[in-house]
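Please open the model in your viewer and keep the sequence beside it, so that each selection can be found in both.

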Amino acid sequence: MSEVPDGLYYTKEHEWIRVDQDGIVTIGITDHAQDALTDIVYIELPEVGFTCDDMGEFAVVESV
């Protein structure tokens with residue numbers, strides 16, 4: 001069964017975001033998405049300072 005931690009904001013596409021008090025943003029994927037992806041083989045992340053529009057792409061995740 002999936003846990004739903006407090007303080008996270010979710011998208012319809014199974015991503016979540018947490019904004020810490022110091023302004024640091026952490027982004028992840030839900031348990032459901034992790035189960036669907038199985039083994040992740042590649043991740044491409046943006047450079048530090050990158051800004052993203054609402055619902056814009058910011059990373060690439062590839063799985064088997």
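Begin by selecting β2 (15-19) and β3 (25-29), which form a hairpin with five residues between them, and look in that turn for G23, whose phi is positive at about 90 degrees. Strands here are DSSP runs of E with at least two residues, helices are runs of H or I with at least four residues, and both are numbered from the N terminus. This is a predicted model, in which local features need pLDDT of at least 70 and side-chain atom pairs count only at pLDDT 80 or more, while totals for chains, interfaces and linings use all residues. Residues are numbered from 1 along each chain as its sequence is written, and side-chain values use heavy atoms, with hydrogens and water left out.

Stay with these two strands: β2 and β3 run antiparallel and are joined by five bridges, and strands count as paired if DSSP finds at least two bridges between them. Select W16 and you will find G28 of β3 standing opposite.

Which residue of β2 is the bridge partner of Y10? The partner is W16.

Now move to the loop between β1 and β2, where H14 is found. The phi of H14 is near 75 degrees, a positive value in a residue other than glycine. H14 counts as partly exposed because its relative accessibility is 32%, where buried means under 20% relative accessible area, exposed means over 50%, and partly exposed lies in between (1.4 Å probe, protein chains only).

For another positive phi in a residue other than glycine, select T38, with a value near 55 degrees; T38 lies in the loop between α1 and β4 (40-44).

Finally, turn to the largest pocket, which has a volume of about 900 Å³. Of the 26 residues that line this pocket, the closest to its centre are E15, I27, G56, F58 and A59, and β3 gives the most to the lining, with four residues. On a 1 Å grid over the protein atoms alone, a pocket is an open set of points where a 1.4 Å probe fits, with protein on both sides within 12 Å along at least five of seven lines, and lining residues have an atom within 4 Å of a point. Points are joined across faces, edges and corners, and the volume is the space filled by probe spheres set on them.
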